[in-house]
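Reader: I want to learn to read charged pairs in a model. Where do we begin?

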Amino acid sequence: MAFTRAAGDVFRALETLPGVSSAGGEFSSFSVRGGRPKDNIILIDNIPFDRVTHFAGGSTEEQDKLGGRFSIFAPNLVEKAEFQAGGFSAIYGGKNASILNLVIREGNPEDRTIDGRIDVLGQELNYSGPLGLNKGSGLIFSIRHQDFTRILELTGQGEFGSPRFLDAIGKATVEINGRHKVSFLGILSTEAFDRDV
């Protein structure tokens, strides 16, 4: 099953699919037809990734099963999500619950778009446009930094600490000819969580 233009957090959109149960709207973990969350395989442009969310680590195995709280993808960076529950071959590393393949958008080779956002949580900058190598080449780039320290202080929850993260995702696509193209994908995703005793 495929659905296009997954706005916001694609993992929360999975909750609406048949046979999928989640850890709740606060977390990204999901299980399919009785399988465990670790039985799912997540691909980004057909490349396997183990962790695609922030703040997933917990001090117990039960907390770790819940998954992270925030996707590493800025809204509108995912072009489509292809989901398959079971029925796939052993080439996917022995996973037996589901496959989720997230396809990252390609940059527009003709028109340039730059947008950004600044708010109490952080900043975000996005670019989509020509790469400049040839007529059919495009680049999409997104960098996002979010810091929850200030909002926690404003709401009287400063004792929860200082959680923050940074995502930088870029994809360059070069058209070789009418039938072939090459894509390069780079992902940097870091997080920090400081808490004073």
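Author: Begin with the term. A salt bridge is a side-chain nitrogen of Lys or Arg within 4 Å of a carboxyl oxygen of Asp or Glu. Note that this is a predicted model. Arg144 and Asp167 form such a bridge, with the closest N and O atoms 2.8 Å apart. The pair links distant parts of the chain: Arg144 sits in strand E12 and Asp167 in strand E13, 23 residues apart.

Reader: Is Arg144 buried or exposed?

Author: Use the cut-off: buried means under 20% relative accessible area. Arg144 is at 8%, so Arg144 counts as buried. Asp167 is at 3%, so Asp167 is buried too.

Reader: How many salt bridges does a search of the whole structure find?

Author: Eight. One of them joins Lys171 to Asp45, with the closest N and O atoms 2.9 Å apart. Lys171 is in strand E13, Asp45 in the loop between E4 and strand E5, and 126 residues separate them. Lys171 is buried, at 4%.

Reader: Which residues do shared partners join into one network?

Author: Arg117, Asp119 and Glu124. Arg117 is partly exposed, at 25% relative accessible area. Glu124 is buried, at 13%.

Note on methods
Residues are numbered from 1 along each chain as its sequence is written. This is a predicted model: local features need pLDDT of at least 70, side-chain atom pairs count only at pLDDT 80 or more; totals for chains, interfaces and linings use all residues. Side-chain values use heavy atoms; hydrogens and water are left out. Helices (H or I, at least four residues) and strands (E, at least two) are DSSP runs, numbered from the N terminus. Buried means under 20% relative accessible area, exposed over 50%, partly exposed in between (1.4 Å probe, protein chains only).
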